[in-house]
Each structure stands twice: as structure tokens, then as C-alpha cells.
Amino acid sequence: MRVLVLNPGSSTLKAAVLEPPAVAPLASAEVERGSDASRQEDASDAVRRALDAVGLDRGQAPTITAVGYRVAHGGTRLTAPLVVDDGVLAEIESLSPLAPLHNPVAAATIRAGRTLLPAATHVAAFDTAFHATLPDDAIRYAVPARWAAEWGVRRFGFHGLSVQWATRRTAEILGRAAGDLGILVAHLGSGCSVTAVEGGRSVDTSMGMTPLEGLVMGTRAGSIDPGILLGLLRDEHLGLDELAEDLDHAAGLLGLSGRSADVRELLAAEAAGDEAARLALAVFVRRAAAGIAAAATALRRVDAIVFTGGIGQHSGPLRRRILGRLGALGVDSAFAADADRPSDLGDWSLAARTGPSVVIVAAREDVVIAEAAAELAGSG
């Protein structure tokens, strides 16, 4: 069964063609959609270009049995991969206020895919679904109970598809069953989160009701004192729309450095003596290490610290700096230095004599999505 996976991001559309259970893609590509795809109502052009890039423009589209899509937010009802119908699509769109950079783009991509590939089975897989196992004390915020009961205020968590794959690969790399492991998965990219996984299940995560909470990210602020936000609104320094714009698009590494959200550029600027770049990276590292350490309290033991995502996989210098702050978890400085390796080694691990191992895993949400799409297409 041949599956096309479309992974819509805030500025790109990633496409891959797979034949599960094989994990190596037959073809893959990434097409640019501009600086903010959430502001583009029509995704048809991007999907057409993606189809062309993976070789599905020459009469090969009918060979696709299923199309799988990554969707960031599934809310409380969409907690497993689903065949997309009009009702599921409407539910995805209704959750857009909770993931304004992600769900509108996903919905537009699904609409375009259904139009361009009408004979295929279309399946949505949700980043929040892996976190459906979170216990109540991880889900709830310390706010009045009516906030949860009447308005649905709770933690959901994101990057679940990436964490699901990282958990599986870590078990394979370490030669142990996922059910026997306690691991901390740091997905570090344009969006960043840490998830504690116990026995293959999510038990704590840093992102919340929306993808804004938690670590410092590329252009997102992460956790911030809510009193700051209240004060900015109360004193009319910013309006609601301006505040949302700054928190989503102008904060994080970009806001701190004043120049870029790209870690490679910031490392070069730091080496050239740019103090703002140095500070941006220092804040990023401090918050990432703090997030990993905090998530460790949800585990009985920490068998491995797992890095994935663009930064987690490729930036050895930042891995080293983050691990260098985790001595309290049993990571010694010499071991941390060994994590600063080239990024072209594929998935790999450092086995510690004491304390947790370190595992580096390429993010492969496409495999998880393709397997779910193939299963649903086959059963349907």
C-alpha cells in the first residue's frame, strides 16, 4: 500500500511517499509556503508543488491508496487517527483558536488533498493524541474549577507524533522494550517541548492547552508570567491582536536576539561576539535544561534523555550545553561533551556507565502517520 504523507508547517509543507511497514521513504520533499502559511487561505498550490516534488505529477497519483496528514490539535474528541470526513474536518477547524499557526493550515491542506486525490482514503493524525494518557494532575491547571468545567481549560500537549516515534526508536537503539523504559524526549526545533514517557505512555509534557507554553522556541515565547500579559493589556501598551502576534511571531530566539530564530546563524553570531545572540542561546539552553529536569520528576527513573527535532538532532553545541546543566540527573560534563557530534550520523546513542543514556533520533512523524493511514485504509 502506497501512502502519501503531508506534514503542513507554519512556513513549509513536507511530503513523503512510503510503503508501510518499510520506513525508508520512496520519495520526500519540502516546499516553501512563505513566512506564514496560516495567512494563506488556499493550500492547493502548495499541495500541487509537493505532489510534483515527490514525482506524483506524471499519472502516478492513482497509485496513492491513502493520504495521511499531521494535525497539531485534536482537542478532547480527536484522540486517535481518523478517516477524514466533513465532520472531522469541521472539528479540526473549530480548534483553530487553540493552535492558530497550525490547525488552519492543516485544514486547508486536507481540503486541497481531498480535491486533488479524490480516490484516496484521507487520514488525520493528531499531535495531541499521544498525550491522551496524561494523568489528571498533569492535565489540570491551578485555576478555578469552572474554567475547566465550563471552558475546557486544560493541558493537551503537542509533538506527540514525534515523541511516539522517538520512543519507539529509543527502545530499538537501546535494545529494550519501550514498556520498560523511562525516557525524557526533548523535541527541539522551531517549536520545542519536553515529554516524560513512562512505559511507552506520556505522563508529563511541557506544552499546554496551546503550543505557546513551555520552553523558549524559535519565535514563540514559551511560558511567561501571566501578570506581564495582564499588565501590557491593562496599561494599553499592546492590544489583544498585537499581543498574540508578538507571542507567536516575534518572541523566542528571534525576539531575544533581534536578528534570527535560526540556531546556526545565532551560533555564528555568538562566535563573532554578538552579545544578544549569546544571551538568546543562553536563555534557550537554560529553559530547555530546566524543562528536561522538571519532566524527570514524573518518572520513577530516567533511562535516557532523547533529543529530536531540527535543533535536537543537528545542533551538537546546544546538546552539549543543555546536558552540561543536567548534572543533577547524573549527566557528567565529560559525557555531555561527547554529545557534540556531527549531525550526519543518523540515529545514535551514548551509553552511560551511570546515569541516563543520551539518544539522538531523527524526527519521523511521517512513519507514524503513514502506518496509521495504511491501517485505516486497509480496514476500510
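The lining of the second largest pocket divides into 22 nonpolar residues, five polar and three charged. Here Ala, Val, Leu, Ile, Met, Phe, Trp, Tyr, Cys and Pro count as nonpolar, Asp, Glu, Lys and Arg as charged, and the others, Gly among them, as polar. This is a predicted model, where local features need pLDDT of at least 70, side-chain atom pairs count only at pLDDT 80 or more, and totals for chains, interfaces and linings use all residues. Residues are numbered from 1 along each chain as its sequence is written, and side-chain values use heavy atoms, with hydrogens and water left out.

A pocket is an open set of points on a 1 Å grid over the protein atoms alone where a 1.4 Å probe fits, with protein on both sides within 12 Å along at least five of seven lines; lining residues have an atom within 4 Å of a point. For this one, T210, L212, P226, L229 and L247 lie nearest the centre.

Now the salt bridges, meaning a side-chain nitrogen of Lys or Arg within 4 Å of a carboxyl oxygen of Asp or Glu. The count comes to 20. One of them joins R155 and E213 at 2.6 Å, N to O.

Another joins E91 and R77, with the closest N and O atoms 2.7 Å apart. E91 counts as buried at 16% relative accessibility, whereas R77 is exposed at 60%, the cut-off for exposed being over 50%.

Key
Buried means under 20% relative accessible area, exposed over 50%, partly exposed in between (1.4 Å probe, protein chains only).
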